[in-house]
Amino acid sequence: MVTDPIADYLTRIRNAQMAGHTIVDVPASNIKKKLTEILYENGYILKYKFDDAGHQGTIKIALKYDTETKEPAITELVRVSKPGLRKYIHVGGIPRIKNGLGIAILSTSKGVVTDKQARSLNVGGEIICYIY
């Protein structure tokens, strides 16, 4: 039983990158699927595959590394809103991560979106994590 599935998701990716793995398997959920799609759209992972075998299913994520230096594409994953302390923000207070080079992922009334999408939709919400 995992008390914070999103933190578990981020930790699995972080640990796989630190170990130099190319693929990581994560138990699936709808929010994890959306997070994976956002990571792919923003170029932080190579590809992903949803495997619906079994009760819950899994997400296979191919991690992205620099071809020359072998450095991971994701430098840091930071969980912001936690089950014990939720962090909500209005549209005017959405932070720019690493001067626009990173992304903040928010859960809004329009769905799970990046900080740039939230600004264009003019909605605030719960800050899930920062990625850069």
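1. Charge. The chain carries 19 positive and 13 negative side chains. The centres of the two sets lie 4 Å apart, with each charge placed at NZ of Lys, CZ of Arg, CG of Asp or CD of Glu.

2. Basis. This is a predicted model: local features need pLDDT of at least 70, side-chain atom pairs count only at pLDDT 80 or more, and totals for chains, interfaces and linings use all residues. Residues are numbered from 1 along each chain as its sequence is written, and side-chain values use heavy atoms, with hydrogens and water left out.

3. Fold elements. The chain has three helices and eight strands. Their order along the sequence is α-β-α-β-β-β-β-β-β-α-β. Helices (H or I, at least four residues) and strands (E, at least two) are DSSP runs, numbered from the N terminus.

4. Overall size. The C-alpha trace spans about 40 × 40 × 25 Å along its principal axes.

5. Surface and burial. Accessible surface comes to about 7,600 Å², and 52% of it belongs to carbon and sulfur atoms. Areas come from the Shrake-Rupley method with a 1.4 Å probe; for residues, only the protein chains shown count as cover. Buried residues make up 38% of the 132. Buried means under 20% relative accessible area, exposed over 50%, partly exposed in between.

6. Main core. The largest nonpolar core has 24 residues. Such a core is a set of buried Ala, Val, Leu, Ile, Met, Phe, Trp, Tyr and Cys residues joined through side-chain atoms within 4.5 Å. Y9, I13, I61, I105 and I131 have the most contacts inside the largest core. Helix 1 gives the most to this core, with five residues.

7. Y9. Leaving aside neighbours within four places in sequence, Y9 is in contact (heavy atoms within 4.5 Å) with V26, K32, L35, T36, L39 and I61.

8. F50. This residue sits in strand 2 (residues 45–51). F50 counts as partly exposed because its relative accessibility is 29%. Beyond its neighbours within four places in sequence, F50 contacts K33, E37, T58 and I59.

How values were computed. Buried means under 20% relative accessible area, exposed over 50%, partly exposed in between (1.4 Å probe, protein chains only). Lys and Arg count as positive and Asp and Glu as negative; His and the chain ends are not counted.
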